[in-house]
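This report covers a predicted model.

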Number of protein chains: 2
Amino acid sequence: MPEAITQSIQDYLKHIYELNENGGSASTNDLAARLNIAPASVTGMLQKLANAKPALVIYKKHQGVKLTKSGEKAALEVIRHHRLLETFLVNTLGYTWDEVHCEADKLEHVISEDFEARMAEALGHPTRDPHGEPIPTADLTMPADSSCPLASLRTDETATVRKVVDDDPALLRHLREIGVIPDAKITVKNYSAFDGNLTIKVEGQRSNIVLGSAITNHVYVEK
Amino acid sequence: MPEAITQSIQDYLKHIYELNENGGSASTNDLAARLNIAPASVTGMLQKLANAKPALVIYKKHQGVKLTKSGEKAALEVIRHHRLLETFLVNTLGYTWDEVHCEADKLEHVISEDFEARMAEALGHPTRDPHGEPIPTADLTMPADSSCPLASLRTDETATVRKVVDDDPALLRHLREIGVIPDAKITVKNYSAFDGNLTIKVEGQRSNIVLGSAITNHVYVEK
DNA sequence: AAAATTATTTAGGTTTGACTAAATTACATT
DNA sequence: AATGTAATTTAGTCAAACCTAAATAATTTT
Ligand SMILES: [Mn+2]
Ligand SMILES: [Mn+2]
Ligand SMILES: [Mn+2]
Ligand SMILES: [Mn+2]
């Protein structure tokens with residue numbers, strides 16, 4: 001009998017998925033930092049996840065973990081819930097994109113598959129959440145996303161904003177104010193090699209904006 | 001510092017509230033039955049709730065418990081969440097009244113006060129849930145409800161259905177089919193002293209219906 | 001290559017909220 | 001008043017998921 005996938009486990013798997021996304025394996029300390037849990041506790045849980053039947057992660061001492069197929073499915077299930085919920089909160093209850101994260105983080109573990117299906121239906125089966133993150137499909141495959149960090153663009157390049165990968169409400173509010181939101185068309189006016197600052201023009205906005213790399217590394221665009 | 005009100009505790013308080021409603025105190029065994037927990041475990045929790053600061057229940061050995069003011073506020077908080085959620089699920093996501101209970105039972109512990117407020121706003125501050133149960137107000141007072149069991153009516157009496165106090169999906173579907181839903185106008189055509197059966201006519205429905213006391217004790221009406 | 005630093009694991013412990021089995025109390029009946 | 005039954009409590013366990021402190025392994029610096 002497959003072990004129960006508790007809320008705690010769902011959180012581990014979700015964060016492992018995100019740490020795995022850029023190819024590497026998820027380290028004990030990175031996970032501990034993201035989950036706000038002591039590293040020793042993470043080790044214990046990783047061993048448990050690796051010994052579960054079916055195994056949810058591949059674990060070798062001192063080498064971090066990667067999700068197995070089972071683990072990935074479970075992770076995508078949670079991520080789908082999270083992103084659909086964020087979309088639902090914005091579209092149906094008038095939340096702004098900086099307010100949805102906490103709420104979705106709690107609800108994602110609790111809603112039924114029926115609730116998920118009804119939300120998806122009511123929202124017209126959206127493919128991206130309010131931050132532009134792709135929403136895994138109902139059969140749990142993650143849509144391809146070919147966007148790249150805004151920070152990688154150079155002078156005169158033009159692109160469309162796809163997603164913002166940061167949950168900080170203050171940053172999200174700021175980005176909304178200056179029009180840097182999914183689907184915004186932007187042009188790079190200047191790149192400063194010293195500090196990495198980008199001067200950009202957002203289509204429909206009055207003046208140019210200068211963004212530091214702390215921001216441009218978290219905004220993804222498609223050329 | 002007030003003790004944390006966990007999901008478990010919220011469930012205890014909610015059920016104690018309901019058992020207290022008809023005046024009496026909530027017995028260990030009744031609670032155990034409702035919560036699907038061994039009586040011994042309930043005793044342990046009741047002692048904990050009584051020793052909490054502030055105390056959430058009044059407990060004396062072998063005499064069951066009653067909620068304190070603090071306990072009642074916490075209970076009403078959960079009940080408000082539950083009933084608003086049920087209403088939201090029906091009005092916004094197309095659930096039927098027999099489908100909402102389980103979902104609301106999980107979500108009630110997890111939504112924020114902000115979510116609660118937005119739901120109430122979106123629904124136009126409803127005063128009753130889909131089953132006709134009164135929804136505690138935002139400041140946590142339970143609206144008065146003067147309805148009485150349908151079972152207490154006799155031949156020729158007329159009344160309006162107010163609420164159905166039963167979660168059994170099959171029963172709820174059946175009642176909907178025969179038109180016994182909140183606001184339905186009914187007239188008692190016959191009362192059988194032997195088995196307690198009531199023959200009733202539901203306004204707008206073709207034929208009379210005979211209901212046993214297992215049903216009429218769970219349907220509340222207002223004369 | 002050794003030392004120092006950082007990352008990770010092991011060992012032992014706590015809290016929450018359950019459980020079972022046995023003991024006790026309360027209540028009903030004779 | 002004594003006995004039998006039902007309700008409740010006590011006592012002792014357990015599992016999940018966290019913790020801290022100490023030990024070990026890996027990595028970086030000297
Ligand atoms: Mn799902
Ligand atoms: Mn998001
Ligand atoms: Mn509330
Ligand atoms: Mn209800």
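**The interface**

The two chains meet with 18 residues of chain B in contact with 18 residues of chain A. In chain B, three residues lose the most area to chain A: B:Leu93, B:Val110 and B:Arg118. Together they account for 38% of what that side buries. Between them, chain B and chain A bury about 1,600 Å². Carbon and sulfur atoms carry 62% of that area.

Polar links also cross this interface. There are 12 residue pairs in polar contact between chain B and chain A, both residues of each pair at pLDDT 80 or more. The rule also finds 2 salt bridges across the interface. One salt bridge joins the side chains of A:Glu99 and B:Arg118, at 3.0 Å from N to O. B:Arg118 is also among the residues of chain B that lose the most area to chain A.

Which elements of chain B supply at least two residues each to the side that touches chain A? They are α4 (69-93), α5 (100-107) and α6 (113-123) of chain B. Of these, α6(B) gives the most, with 5 residues. By class, this side of chain B holds 10 nonpolar, 3 polar and 5 charged residues.

**The manganese sites**

| Ion | Donors | Distance | Spacing in sequence |
|---|---|---|---|
| manganese ion (ligand 1) | A:Glu77 (OE), A:His81 (NE2), A:Glu113 (OE), A:Glu113 (OE), A:Glu116 (OE) | 1.5 to 2.6 Å | E-x3-H-x31-E-x2-E |
| manganese ion (ligand 3) | B:Glu77 (OE), B:His81 (NE2), B:Glu113 (OE), B:Glu113 (OE), B:Glu116 (OE) | 1.5 to 2.6 Å | E-x3-H-x31-E-x2-E |
| manganese ion (ligand 4) | B:Glu86 (OE), B:Asp129 (OD), B:His131 (ND1) | 2.1 to 2.4 Å | E-x42-D-x1-H |

A:Glu77 lies in helix α4 (residues 69-93) of chain A, and A:Glu113 in helix α6 (residues 113-122) of chain A, so the pair ties together parts that are 36 residues apart in sequence. A:Glu113 is partly exposed, with a relative accessible area of 44%.

In chain B, the manganese ion (ligand 3) has B:Glu77 and B:His81 among its donors. Why are B:Glu77 and B:His81 separated by about one helical turn? They are 4 residues apart in helix α4 of chain B, which means a separation of about one helical turn. B:His81 is buried, at a relative accessible area of 5%.

The manganese ion (ligand 4) is coordinated by B:Glu86, B:Asp129 and B:His131. Are B:Asp129 and B:His131 buried or exposed? B:Asp129 counts as buried at 7% relative accessibility. B:His131 counts as buried too, at 4%.

**A buried threonine in chain A**

One more residue deserves a look. A:Thr216 sits in helix α8 (residues 213-216) of chain A. Its relative accessible area is 0%, so A:Thr216 is buried; the cut-off is under 20%. What is A:Thr216 in contact with, leaving aside its neighbours within four places in sequence? The residues in contact are A:Pro149, A:Leu150, A:Ala151, A:Leu198 and A:Leu211.

Technical notes
Residues numbered from 1 in each chain as written. Chains lettered and ligands numbered in written order. Predicted model: local features only at pLDDT ≥ 70, side-chain atom pairs only at ≥ 80, totals over all residues. Heavy atoms only, no water. Contact = heavy atoms within 4.5 Å. Buried area = accessible area lost by both parts, 1.4 Å probe. Salt bridge = Lys/Arg side-chain N within 4 Å of Asp/Glu carboxyl O. Polar contact = N/O pair within 3.5 Å; in protein donor to acceptor, adjacent residues only side chain to side chain. Nonpolar A, V, L, I, M, F, W, Y, C, P; charged D, E, K, R; others polar. Donors = N, O, S within 2.8 Å, 3.2 Å for Na, K, Ca; no water. Buried < 20%, exposed > 50% of the residue type's maximum accessible area, 1.4 Å probe, protein only.
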